[in-house]
Amino acid sequence: VYFGDAGLYAAGIVSGLADVDAIALTMASVTKSTVASAVAVTTITLAAITNTLVKLSIAYVLGTREFGNKMAKIFLPTVLVGLIALFLL
């Protein structure tokens, strides 16, 4: 309430550090009444991008460098598509 859309975006990023499901469900439920659809989509996308980068970090830290590089080939294009979607939104 106090931080408006920026607060939702920040909550999406923080939520994405752990999981995307909770913020996605929350945004889906509040979109019907108080939050604009574009804000909800942006929040969910930010959470998904953050979560993907966390998973990539885990792949590098807990796996070998080779494994991390293989995951980067998958995850980084996914993040890029998410960022492009944010700019087009």
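Author: Begin with the helices: helices (H or I, at least four residues) and strands (E, at least two) are DSSP runs, numbered from the N terminus. T43, for instance, lies in helix α3, residues 37-62. This is a predicted model, in which local features need pLDDT of at least 70 and side-chain atom pairs count only at pLDDT 80 or more, while totals for chains, interfaces and linings use all residues. Residues are numbered from 1 along each chain as its sequence is written, and side-chain values use heavy atoms, with hydrogens and water left out.

Reader: Is T43 buried or exposed?

Author: Buried means under 20% relative accessible area, exposed means over 50%, and partly exposed is in between (1.4 Å probe, protein chains only). T43 counts as buried because its relative accessibility is 0%.

Reader: Which residues does T43 touch?

Author: Contact means heavy atoms within 4.5 Å. Leaving out residues up to four places away in sequence, T43 touches L8, Y9, G12, I23 and M27.

Reader: Where is G12, and what does G12 touch?

Author: G12 sits in helix α1, residues 4-16. G12 is buried, because its relative accessible area is 0%. With residues up to four places away in sequence not counted, G12 touches I23, T43 and A47. G12 and A48 are 36 residues apart along the chain, yet their C-alpha atoms are separated by 8.4 Å.

Reader: Which residues make up the largest nonpolar core?

Author: A nonpolar core is a set of buried Ala, Val, Leu, Ile, Met, Phe, Trp, Tyr and Cys residues joined through side-chain atoms within 4.5 Å. Here the largest one has seven residues: V20, I23, M27, V35, V39, A40 and A47. Helices α2 (21-31) and α3 each give two or more residues to this core. The largest share, three residues, comes from α3. A second, separate core has five residues, among them L56, A59, M71 and A72.

Reader: What does L56 touch?

Author: L56 is in helix α3 and counts as buried because its relative accessibility is 9%. Apart from residues up to four places away in sequence, L56 touches G68, M71, A72, F75 and L76.

Reader: How do the axes of α3 and α4 cross?

Author: Axes are lines fitted to C-alpha atoms, for helices over the stretch in contact, and angles run from 0 to 180 degrees between N-to-C directions. The axes of α3 and α4 come within 9 Å and cross at roughly 170 degrees. Therefore α3 is roughly antiparallel to α4. Angles under 35 degrees count as roughly parallel, over 145 as roughly antiparallel, 65 to 115 as roughly perpendicular, and the rest as oblique.

Reader: Which residues of the two helices meet?

Author: Among them are T42, L46, L53 and L56 in α3, and F67, M71, F75 and L83 in α4.

Reader: How many salt bridges does the structure hold?

Author: Side chains of opposite charge can pair when their charged atoms come close. A salt bridge is a side-chain nitrogen of Lys or Arg within 4 Å of a carboxyl oxygen of Asp or Glu. The structure holds one, joining the side chains of E66 and K70 (3.6 Å, N to O). Both lie in helix α4, residues 65-88, four residues apart, or about one turn of the helix. E66 is exposed because its relative accessible area is 54%, and K70 is partly exposed because its relative accessible area is 47%.
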